[in-house]
Amino acid sequence: MDGWTAWRWIKGETQPTHTAQTLRGARAYHALLRDLPYDPALVGRDDPWARADRVAWGEGQAAYGAPFDGQLERLHVTPPALDRQRVHADLTGNVVLVDDLPSGIIDPTLYWRPPAFAEAIVLVDQGWFTDVPDIAPFAATPALPAMVRIAARRRIAEQAEQMRAGKDRDISVETSHRVARWSDRVLSQLATP
């Protein structure tokens, strides 16, 4: 309450390149959240990340200008009808791994979305750590091509929203280009049998 939060220290380190372990932790965490009821606070936020999330899902309009609008349009997809629940939609770098303990989840950024969306964000974020997409850990992720498109749209819209909030334009544009290029590679790999 009153802006305070409490955390408990947990053993381990974030290891964003350990995708399979990150997904195992994410899936266990989302299983724990599955039956929690809808909370309007999850969709009522008005910060750059929440606005970008609504744009990614086609629930909000944006006129960011070039290159953002073209990238978002090119990645547009009708969201598949997947069950929604509370999900941590920024898992990359927020799953703590250690050999002798289950994964720990830190810094929860909760949204009312399908768990497959949170997993697709991890796949889109791989582009920061490798040159070759590893889609094998995502074999069980439902509607993966559509989820990758929405996840990439969110990361691109985040850049535009952060730029509006003062982030350097050149950095925002370069980051959005990087996300767009990476998502093209991932989608190309997903389309290849």
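Ala 143 is placed in the loop between α4 (115–125) and α5 (144–164); helices (H or I, at least four residues) and strands (E, at least two) are DSSP runs, numbered from the N terminus. The phi angle of Ala 143 is near 50°, a positive value in a residue other than glycine. Ala 143 is partly exposed, its relative accessible area being 32% (buried means under 20%, exposed over 50%, and partly exposed in between, with a 1.4 Å probe and protein chains only). The model is predicted: local features need pLDDT of at least 70 and side-chain atom pairs pLDDT 80 or more, whereas totals for chains, interfaces and linings use all residues. Residues are numbered from 1 along each chain as its sequence is written, and side-chain values use heavy atoms, without hydrogens or water.

Asp 107 likewise is not a glycine and has a positive phi, of about 50°. Asp 107 belongs to the loop between β4 (101–105) and β5 (110–113). With a relative accessible area of 41%, Asp 107 is partly exposed.

The peptide bond that runs from Ala 66 to Pro 67 is cis, and its omega is near 0°. Pro 67 is in the loop that joins α2 (48–56) and α3 (68–74).

## Fold and overall dimensions

Six helices and five strands make up the secondary structure of the chain. Their order along the sequence is β-α-α-α-β-β-β-β-α-α-α. The radius of gyration of the chain is 16 Å, close to the 16 Å from the globule rule for 193 residues, so the chain is as compact as a globular protein of that length; the radius is taken over C-alpha atoms, and the rule is 2.2 Å times the number of residues to the power 0.38.

Along the principal axes, the C-alpha atoms occupy a box of roughly 50 × 45 × 35 Å. Buried residues account for 43% of the 193 in the chain. Among contacts (heavy atoms within 4.5 Å) with a separation of 6 or more, 80% join residues 24 or more positions apart.

## Helix α4 and its surroundings

Ten of the eleven residues of α4 are buried, so this helix is largely enclosed by the rest of the structure. The buried residues are Ala 116, Phe 117, Ala 118, Glu 119, Ala 120, Ile 121, Val 122, Leu 123, Val 124 and Asp 125. They pack against the helices α1, α2, α5 and α6, and against the strands β2 (85–88) and β5.

Ala 160 is part of helix α5 and is buried, with a relative accessible area of 1%. Apart from neighbours within four places in sequence, Ala 160 contacts Tyr 64 and Phe 68. The C-alpha atom of Ala 160 is separated by 25 Å from that of Arg 86, 74 residues away along the chain.

Asn 94 occupies the loop between β2 and β3 (95–98). The residue is buried at a relative accessible area of 9%. With neighbours within four places in sequence set aside, the contacts of Asn 94 are Thr 14, His 88, Gly 104, Ile 105, Ile 106 and Asp 107. Asp 107, one of these partners, has the positive phi of about 50° described above.

The largest pocket has a volume of about 310 Å³. The residues closest to its centre, out of 17 in the lining, are Trp 49, Asp 90, Asp 125, Arg 155 and Glu 158. Two or more lining residues come from each of β5, α5 and α6 (169–191), and α5 gives the most, with four. A pocket is an open set of points on a 1 Å grid over the protein atoms alone where a 1.4 Å probe fits, with protein on both sides within 12 Å along at least five of seven lines; lining residues have an atom within 4 Å of a point. Points are joined across faces, edges and corners, and the volume is that of probe spheres set on them.

The second largest pocket holds about 250 Å³ of space. Of its 15 lining residues, His 30, Arg 34, Gln 85, Pro 115 and Ala 116 are the closest to the centre. Helices α1 (19–33) and α4 each contribute at least two residues to this lining.
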